[in-house]
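Student: I am new to this structure. Could you pick one part and take me through it closely, and then show me what else to look at?

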Amino acid sequence: MRLIFLGAPGAGKGTQAQKLCEKKEIPHISTGDILREAVANKTQVGLAAKSYMDQGKLVPDEVVVNIVSERLQKPDCKKGFLLDGFPRSLKQAEELDNKLDELGLNIDKVIYFSVDEDEVVRRITGRRICSKCGENYHIESLKPKKDGICDKCSSELYQRNDDTAETVKKRLDVFKKESMPLVNYYKNKSLLTEIVANKSIDEIFNEVIEVFL
Ligand code: AMP
């Protein structure tokens, strides 16, 4: 099972990807998570990526393509994988196709999570994340049992640097310009399923599961 999750920031890709990967026991490859870890560890990639991320811009294609190419060659990807937040431009999609050809693999399905802009802004600005295990929360719709503390591992929750109202607007503009063309790209390859994601996490997950029936 080799999958891609597409969607605007805040469409719920990460939450759905975590749930599906747990169920199907495949690795969840989120370029955003990999880049945030690189920034936190101040690696060369992290230092190069930080200013783009803080401004809500895309990190240069060659940086992310290298990250994904290396990751896809790890042994755990043999049983499949889910790409979340990659590709994000036509150039990245073409590079991914080249890499998969080289590895003799192909993508089975692409799920596009569509959601309207007001809902995205509400979700992103209220999003809080566990500093240790990465679990997602929301200050109104997915509250932790204890304010600011992760239910799963009791670590502190934080707000991403790029989850502020100003940066969200920039990220949405970038999504429309750079990433929306991917919807047609994968539609033309007959790989795309659209899920309208203005619903609860469980309702959306039921629709995700149906895609694989
Ligand atoms: P995300 O967690 O997917 O919202 O990604 C957070 C930020 O990481 C984005 O706003 C970009 O700056 C960067 N990023 C993540 N994935 C990519 C990608 N495939 N291409 C370029 N930049 C990316």
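Tutor: Let's begin with a term we will need: a polar contact is a pair of N or O atoms within 3.5 Å, and within protein one of them must be able to donate a hydrogen and the other to accept it. Keep in mind that this is a predicted model.

Now find His 138, which belongs to strand S6, spanning residues 136-138. Its relative accessibility is 7%, so His 138 counts as buried, the cut-off being under 20%. The side chain of His 138 makes two polar contacts with backbone nitrogens: that of Ser 141 at 3.2 Å, and that of Glu 140, which lies 3.0 Å from a polar atom of the side chain. Setting aside neighbours within four places in sequence, His 138 touches Arg 122, Arg 123, Gly 126, Arg 127 and Lys 143.

From there, turn to two helices. H2 (residues 31-40) packs against H4 (residues 61-72) at about 105 degrees, and their axes are 11 Å apart. That angle is why H2 counts as roughly perpendicular to H4. Thr 31, Ile 34 and Leu 35 of H2 meet Val 64, Ile 67 and Val 68 of H4. By class, this contact has 5 nonpolar residues, 1 polar residue and no charged ones.

Thr 31 also leads us to the ligand: 16 residues surround the ligand, and Thr 31 is among the closest, together with Arg 36, Lys 57, Gly 85 and Gln 92. A polar backbone atom of Gly 85 lies 2.9 Å from a nitrogen atom of the ligand.

Note on methods:
Residues numbered from 1 in each chain as written. Predicted model: local features only at pLDDT ≥ 70, side-chain atom pairs only at ≥ 80, totals over all residues. Heavy atoms only, no water. Helix = DSSP H or I, 4+ residues; strand = E, 2+ residues; numbered from the N terminus. Buried < 20%, exposed > 50% of the residue type's maximum accessible area, 1.4 Å probe, protein only. Contact = heavy atoms within 4.5 Å. Axes fitted to C-alpha atoms, helices over the stretch in contact; angles between N-to-C directions. Parallel < 35°, antiparallel > 145°, perpendicular 65-115°, else oblique. Nonpolar A, V, L, I, M, F, W, Y, C, P; charged D, E, K, R; others polar. Near = heavy atom within 4 Å.
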